[in-house]
Amino acid sequence: ALRGQNPPPLPEWAKRGGHPILKRWAPTLSNLRPSVQLVAALLLYMFHTLVLTQHSLALPVQLIPNERGNFQSIGMDSLAGMATL
C-alpha cells in the first residue's frame, strides 16, 4: 500500500489463520531437511516440465474465432497455475 492509504482488506481465509491446505502441509514441508526439500522441489519441477507442459485440455469451442486454429485448448500447466491462485 502507498503511504497514507489503508491496506486492502484480508480475505476471510486469511483472517481465520491461513488457507486450510497451507495449514496442513506448510508445517510438514518446512520441517524437512533442506536436502529433502530440494529433492521434493526438483521432483515437482520435473513433473511440471515433463507432464503438465506436454498435455492440454481441448475446449468445446474456439475462444477467439480465427483461421489459424489458435485458442482451442488450454495447457495443463496453465490450469495448475490457476488452481493455485
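The points below go from the basis of the model to its overall form and then to individual residues.

1. The model is predicted, so that local features need pLDDT of at least 70 and side-chain atom pairs count only at pLDDT 80 or more, while totals for chains, interfaces and linings use all residues. Residues are numbered from 1 along each chain as its sequence is written, and side-chain values use heavy atoms, with hydrogens and water left out.

2. The protein has four helices and two strands, in the order α-α-α-β-β-α from the N terminus; helices (H or I, at least four residues) and strands (E, at least two) are DSSP runs, numbered from the N terminus.

3. The radius of gyration is 19 Å, whereas a compact globule of 85 residues would have one near 12 Å; the value is taken over C-alpha atoms, and the globule rule is 2.2 Å times the number of residues to the power 0.38. The C-alpha trace spans about 50 × 45 × 25 Å along its principal axes.

4. Of the 85 residues, 2% are buried, where buried means under 20% relative accessible area, exposed over 50% and partly exposed in between (1.4 Å probe, protein chains only).

5. Helix H3 covers residues 34-50 and contains Leu 43, which is exposed with a relative accessible area of 52%. Gln 37 also lies in helix H3, but is partly exposed at 33%. Leaving aside residues up to four places away in sequence, Gln 37 touches Leu 29, Ser 30 and Leu 32, a contact being heavy atoms within 4.5 Å.
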